[in-house]
Amino acid sequence: MLISHKNRFITIDIPKTATRSLRETLLPLSLLDIIGQSAGKSFYQHGTALDCQKGFTDIGLNFSDYFSFCIVRNPWRRYLSFFKYYKEKAEEYLTAKDFQEWENSKIEQGKIAANLFKTNDYHHTLKTIIINQPEQSHYFLNKNQDIMVSHVARFENLQNEFDYLCETVGLDKMKLLHSNKSETQISCSDIYNQELIDLVADKEKEVIDLMHYQYTTS
């Protein structure tokens, strides 16, 4: 998550929804007081709105005094993005000559990715990813299933959504950088079967209903 006390905004960063683009666009402006930390620490990079609310309470701040913002994405395409990401990490790990220049976290991530792709059964790999990743609504709903954030943005309308964030919190409009784009040429039709389409539909029902998402191959 990204937090600016000066401009009073919070981004709840759901993985694979342009969170790196947000961070790299906003970081040079020197307005961020908190930049998401590694797992297990306060204000975790991919922490939930509930996590942020608790962190604010601990330091005497009120979550509702800030404009909070998260981005959601067509869930079938989001899991495809995870698949591509892990495939690239697995290939990088398996073809590395040595690991002397690699940080321990990168090595561990490479091992996890390589284990996911230890067989060529892409359906099984994708199913494992779907089962083990939290649904998007986990990041912005409270225990009563109410939306906690001020605005749920649509990834598919990203620049306009970013413009809205800038306008709301008093920033000049700017071009959102496009970072972390996968080079792997795999489409939904290459790895989804009906079982996996239905699995995502059930798991991501809240986001699908909220944004009227549908499965498409393109």
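This is a predicted model: local features need pLDDT of at least 70, side-chain atom pairs count only at pLDDT 80 or more; totals for chains, interfaces and linings use all residues.
Residues are numbered from 1 along each chain as its sequence is written, and side-chain values use heavy atoms, with hydrogens and water left out.

S21 has a relative accessibility of 2% and therefore counts as buried, a class defined as under 20% relative accessible area, with exposed set at over 50% and partly exposed in between (1.4 Å probe, protein chains only). This serine is found in helix α1, which covers residues 19-26; helices (H or I, at least four residues) and strands (E, at least two) are DSSP runs numbered from the N terminus. Leaving aside neighbours within four places in sequence, S21 is in contact with L176, L177, H178 and S179, where contact means heavy atoms within 4.5 Å. The C-alpha atoms of S21 and S179 are separated by 5.0 Å, although the two residues are 158 apart along the chain.

## Overall fold and dimensions

The secondary structure of the protein chain comes to nine helices and five strands, and from the N terminus on the elements run β-β-α-β-α-β-α-α-α-β-α-α-α-α. The C-alpha trace spans about 50 × 45 × 35 Å along its principal axes. A compact globule with 218 residues would have a radius of gyration near 17 Å, and the 18 Å of the protein chain agrees with this; the radius is taken over C-alpha atoms, and the globule rule is 2.2 Å times the number of residues to the power 0.38.

Of the 218 residues of the protein chain, 47% count as buried. The protein chain exposes about 12000 Å², of which carbon and sulfur atoms supply 46%; accessible areas come from the Shrake-Rupley method with a 1.4 Å probe, and for residues only the protein chains shown count as cover. Among contacts between residues at least 6 apart in sequence, 76% join residues at least 24 apart.

## The sheet and strand β4

The five strands form an open sheet in the order β3-β1-β2-β4-β5, with mixed pairing; two strands pair if DSSP finds at least two bridges between them. At the edges stand β3 and β5 (151-154), each with a single partner strand, so one side of each is left without a neighbour in the sheet.

Strand β4 (residues 67-72) pairs with strand β2 (residues 9-12) in the parallel sense over four bridges. F9 stands opposite F67 in β4, and T11 has F69 as its bridge partner in β4. The pairing of β4 with β5 is likewise parallel, over four bridges, and here the bridge partner of C70 is V152 in β5. Six of the six residues of β4 are buried, so this strand is largely enclosed by the rest of the structure. F67, F69 and I71 point one way from β4 while S68, C70 and V72 point the other way, and all are buried.

## Aromatic pairs and charges over rings

Rings of Phe, Tyr and Trp (its six-membered ring) pair if their centres lie within 6.5 Å, with planes under 30 degrees apart counted as stacked, over 60 as edge-to-face and the rest as tilted. By this rule the count comes to 16 aromatic pairs. The rings of F43 and F56 have their centres 6.0 Å apart and their planes at 70°, so this pair is edge-to-face. The pair links distant parts of the chain, 13 residues apart, with F43 in the loop between β3 (34-35) and α2 (49-58) and F56 in helix α2. F43 counts as buried at 13% relative accessibility, and F56 is also buried, with a relative accessible area of 0%. Ring pairs link F43, F56, F63 and Y66 into a cluster.

A charge sits over a ring if NZ of Lys or CZ of Arg is within 6 Å of the ring centre and within 35 degrees of the ring normal. The charged end of R73 sits over the ring of F155, 4.2 Å from its centre, and R78 lies over the face of Y79, at 5.6 Å from the ring centre.

## The loop residue E204

E204 is placed in the loop between α8 (194-203) and α9 (205-211), and at 1% relative accessibility this glutamate counts as buried. Not counting residues up to four places away in sequence, E204 touches P75, R78, Y79, P134, E135 and Q136.
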